[in-house]
Amino acid sequence: MTDVLSTLYPWIKAFHIMSVIAWMAGLFYLPRLFVHHVEQSDNARIEETFRMMEKKLLRLIMNPASIATWVFGLCLVFTPGIVDWSMVWPWTKAAAVLAMTWFHHWLALRRKDLEKGTNKVSGRQYRMMNELPTVLMIVIVLSVVVKF
Ligand code: HEM
């Protein structure tokens, strides 16, 4: 099994990066949709459009992309010689990836609130939360590329 992972290493990494790009696109865009959704919540027709866009973005892009990122990422973890756990970078990457996954689930819960009309988060708070994936992405990319 580890032989197969070593042979397929460049392919798995390529698909890992593709799924990361799709996941990150959603993690950056969904909170922006929430900002405008909250700030236009007096218009029923526009609100319905936001609900549909948020649901499709999460279900069709973000959920599958996050699963693919995890599956390809874990294949890379189990590829012999790729991760040296005595270094710092795998731990900073793991912490940031867990935080990114928490953020994904937080967004999914807020989407349900917006769908049911029970949202309590303001547009300003969504704007602030929107910075989190950027910070985590910087930590992750520095971890995997600089490998401190
Ligand atoms: C979800 C769980 C994840 C796991 C288990 C995981 C694991 C890994 C592993 C083990 C590598 C191989 C490093 C190497 O070849 O030296 C890798 C590469 C990479 N990961 Fe992840 N990763 C995950 C999520 C992410 C996320 C969220 C991002 C971006 C925000 C990301 C960006 C990258 C990049 C850009 C590379 C290629 C680095 C290079 O070799 O040039 N990964 N990942």
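## Helices H4 and H6

In this predicted model, the axes of H4 and H6 come within 9 Å and cross at roughly 155°. An angle over 145 degrees counts as roughly antiparallel, so H4 and H6 are roughly antiparallel to each other. Their crossing is left-handed.

On the H4 side, the contact is formed by Trp89, Thr92, Lys93, Ala96, Val97, Ala99, Met100 and Phe103. Leu132, Pro133, Leu136, Val139, Ile140, Ser143 and Val144 meet them from H6. Sorted by class, the contact of H4 with H6 has 12 nonpolar residues, 2 polar and 1 charged.

## Overall make-up

The protein contains 6 helices and 0 strands. Read from the N terminus, its elements follow the order α-α-α-α-α-α. Along the principal axes, the C-alpha atoms fill a box of roughly 55 × 25 × 20 Å.

## Helices H3 and H4

H4 also pairs with H3: the axes of H3 and H4 come within 11 Å and cross at roughly 155°. That angle makes H3 roughly antiparallel to H4, and H3 passes H4 in a left-handed crossing.

From H3, the residues making the contact are Arg51, Glu54, Leu58, Met62 and Ser66. H4 contributes His104, Ala108, Arg111, Leu114 and Glu115. The contact of H3 with H4 divides into 4 nonpolar, 2 polar and 4 charged residues.

## Helices H2 and H4

The axes of H2 and H4 come within 11 Å, with a crossing angle of roughly 30°. Angles under 35 degrees count as roughly parallel, and H2 and H4 are therefore roughly parallel to each other. Here too the crossing is described by its hand: H2 passes H4 in a left-handed crossing.

In H2 the contact is made by Leu27, Leu30, Pro31, Phe34 and His37. Their partners in H4 are Met100, Phe103, His104, Leu107, Arg110 and Leu114. By class, the contact of H2 with H4 has 8 nonpolar, 2 polar and 1 charged residues.

## The shell around the ligand

The ligand is surrounded by 20 residues, of which the closest are Val20, Gly73, Leu76, Val97 and Val144. The shell consists of 16 nonpolar, 3 polar and 1 charged residues.

Which helices each supply at least two residues of this shell? They are H2 (9–39), H3 (44–77), H4 (89–116) and H6 (132–146). H3 gives the most, with 6 residues.

## Annotations from UniProt

An unreviewed UniProt entry carries the annotation "binding site" for His16 and Lys93. They span 78 residues in sequence, yet no two of their C-alpha atoms are more than 14.3 Å apart, so they gather at one spot. Histidine 16 belongs to helix H2, while Lys93 is one of the H4 residues that meet H6.

The feature "transmembrane region", again from an unreviewed UniProt entry, is placed at residues 12–30, 60–82, 88–107 and 128–146. In the model, residues 60–82 are 78% helix and 0% strand, and the end C-alpha atoms of this span lie 31 Å apart. Residues 88–107 are 95% helix and 0% strand, with end C-alpha atoms 29 Å apart.

Definitions and conventions: Residues numbered from 1 in each chain as written. Predicted model: local features only at pLDDT ≥ 70, side-chain atom pairs only at ≥ 80, totals over all residues. Near = placed C-beta within 6 Å. Helix = DSSP H or I, 4+ residues; strand = E, 2+ residues; numbered from the N terminus. Nonpolar A, V, L, I, M, F, W, Y, C, P; charged D, E, K, R; others polar. Axes fitted to C-alpha atoms, helices over the stretch in contact; angles between N-to-C directions. Parallel < 35°, antiparallel > 145°, perpendicular 65-115°, else oblique. Left-handed = near helix turned anticlockwise from the far one by under 90°. Contact = placed C-beta atoms within 7 Å. UniProt positions renumbered as here; feature names shortened; annotations may be inferred.
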